[in-house]
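Colleague: I am new to this structure and would like a close look at a single part, the sheet. Please take me through it.

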Amino acid sequence: MHDQKGVVYRIGCEKCDAVYIGETGRMLKDRINQHKSDVHDKKATNGLFQHTKLFKQHKIKWNEVCVIEKEIHWQSRRLKEALFINAIDPSGKNNKKLMNLEKGWDMNPIWHAFNACIRKEVEKK
């Protein structure tokens with residue numbers, strides 16, 4: 001699964017329900033390794049690191065990274081990433097649900113009507 005490229009993916013926390021939603025056009029395993037390096041190097045701009053810094057006992061589920069969607073087109077991938085992020089935390093301010101530091105693309109509020117359905121897609125993967 002980590003040998004795929006052009007994906008939207010989810011990374012979870014071992015201690016809570018918070019997730020990180022990301023997208024990459026590169027091989028997923030390479031992107032995961034970059035995240036691991038950022039956490040190890042305490043990179044302040046990495047949401048996974050910020051989560052473990054804020055919640056000291058929490059650990060990232062590196063072995064349970066999953067692909068939510070496969071999408072080869074960059075713009076479609078960014079749109080899907082933003083839809084998933086927005087569905088999990090429409091306010092963009094709940095660090096107990098979402099580890100992302102940014103919400104991705106701004107979404108028209110009309111998409112909020114679909115949040116429950118989109119959340120189910122994230123959760124069932």
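Colleague: To begin with, how many residues does the hairpin that joins β1 to β2 run through?

Modeller: The hairpin between β1 and β2 runs through six residues. Before going on, note that this is a predicted model, in which local features need pLDDT of at least 70, side-chain atom pairs count only at pLDDT 80 or more, and totals for chains, interfaces and linings use all residues. Residues are numbered from 1 along each chain as its sequence is written, and side-chain values use heavy atoms, with hydrogens and water left out.

Strands (E, at least two residues) and helices (H or I, at least four) are DSSP runs, numbered from the N terminus. Two strands pair if DSSP finds at least two bridges between them. Strand β1 covers residues 5-12 and strand β2 residues 19-27; they run antiparallel and are joined by seven bridges. Along this pair, K5 is opposite M27 in β2, and R10 is opposite I21 in β2.

The whole sheet is open and has three strands in the order β2-β1-β3, paired antiparallel. Its edge strands, β2 and β3 (66-70), each pair on one side only. From one strand to the next, the twist averages 30 degrees. Axes here are lines fitted to C-alpha atoms, for helices over the stretch in contact, and angles run from 0 to 180 degrees between N-to-C directions.

Helix α3 (residues 74-88) packs on this sheet and touches β1, β2 and β3, where contact means heavy atoms within 4.5 Å. The direction of α3 makes about 170 degrees with that of β2.
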